[in-house]
Amino acid sequence: MYLNKFFPLLLSVLLLMTMPDASAQKNKSRSKAKTKGKTTVISDETRQQSAIFADALRDFYAGNYESAESGFRKVLAKDAKNDAVYFMLARIRKEGKNYSGAAYYLNEAIKLDKTNIWYKVELAEIYDLMEDYKGAAKLWEDICKLKPENEYYLFTLSEDYINLEEYTKVIDVYNKLEVLEGYNEEITNAKVSIWLYLNDIKNAVGEYDKLIKEFPSEPLYYVQAGNICQSNNLTEKALYYYQEALKLDPNNTMANMAMANHYLSTSDREAAYQSLLKAFSDTQISLDEKLPFLKSYFSRAMKKPSEETIGQCRKLSQIICEIHPDRVEGWATMASLYMTEKKYDQARKYFDSAIGIDKSSYALWEDYFYCLSQQQDYASMVSQGKEVLELFPTNAVMLYNIAHAYYYVKDYTKAIELLQQAAVYSYDNNLLANIYNVLGDCHKELGHKEEAIKNWKTAQQKGLNTQDKIKQLAE
């Protein structure tokens, strides 16, 4: 990870190893160099150790770890206080995922050179790999003091604090990052999440207040502050933030959606509706953000159908059809609304569009077939049914509905075939009663008197009164 930073260190080490120590100056004089009028003596032993170290280093970067370790240990045998060798032995252990071994050698290296930040960084990363977050955090704290401007070190320290669940310390680190970077929305959101986890609403809102102070013309920060207040029953304070956002931008989508949510919480659906009309038209807002509001208005229209409730839901659905024409939700909602009003011609058109987008939805097909049956368009049910049965070959209700359509177009043989399949897959007595009832009707039309009576009797056993049919045919 730190190869680019480690190379200068290695060069320094090699240079240091080529410089004489005190005893070498006194006892060795084979090699001499003149520097500023002084003579520097480099012993043969020092040269040999440097060469062994360099060879071991090459082996390490070539992936020959066994040979590299052998070389480093030869150096260590002659120089037990060589911190660079301990560091490289730690790197070898790390490559073998022997993290405890790596930690041991790094601690030895740090004992010999307490000022070397790269040793501490490597040890901190080893502790993180060992999931010793407490030990890692202590090292990262020291490292961040030495390099307070390094964002990577600060982020890594914050991750250890998160793992230790020391969340206020995480926020302290994020504050330092903000000093380096300036106010940053992502950092703010992270701090807000922590404050909310700690149930500190005041400080959570305060983080957005800081952004508002820094960027007073940005509506988003007012909305985000308001959302926190709204979610924590501070409705009046939420309303203040939303209104401030709308003063800056009356058509701001997020502010209007937030206001709609606020109005819904106070049961002011008309005001919410007016806000949503603006928000729903924004193509930049995903449909998933709009759907909860649409579902709320649709649910109300189904529970309390009226010109107002259906009209509001229809308008919102129309906007979604226009803005998100490739999504099924708008078309399906429109179809359901018309079906509620028993306007089956209009409903059918929207069902056609919805099914064209999503043919796999059983609920859509079920409602669509109900719509066709209300129009007595059994030919279309038969035609469409061929495709539907490929999608839902074991669905008893669908088999029954399509079989019933075949009965109405007088294809009794096909109807009997599908009804028999439906009976196999059905476990509901009411449905079974209807299946056997229509089976009896089909056999009657085909002149199979005994089969007709037999099936009607089974229908009667399942709870359907078919006595009149049995009596009439028996006579």
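Which element gives the largest share of the lining of the second largest pocket? That would be α10, with 6 residues. The model here is a predicted one, where local features need pLDDT of at least 70 and side-chain atom pairs count only at pLDDT 80 or more, while totals for chains, interfaces and linings use all residues. Residues are numbered from 1 along each chain as its sequence is written, and side-chain values use heavy atoms, with hydrogens and water left out.

The chain has 27 helices and 2 strands (DSSP runs numbered from the N terminus: H or I of at least four residues, E of at least two). Its radius of gyration is 39 Å against the 23 Å that the globule rule gives for 475 residues, so the chain is more spread out than a compact globule (taken over C-alpha atoms; the rule is 2.2 Å times the number of residues to the power 0.38). The C-alpha trace spans about 135 × 60 × 35 Å along its principal axes.

Back to the second largest pocket: about 210 Å³ of space lies in it (the space filled by probe spheres set on grid points joined across faces, edges and corners). A pocket is an open set of points on a 1 Å grid over the protein atoms alone, where a 1.4 Å probe fits, with protein on both sides within 12 Å along at least five of seven lines; lining residues have an atom within 4 Å of a point. Of its 13 lining residues, C144, L154, L157, V173 and K176 sit closest to the centre. Besides α10 (167-181), α8 (133-146) and α9 (151-163) each give two or more residues.
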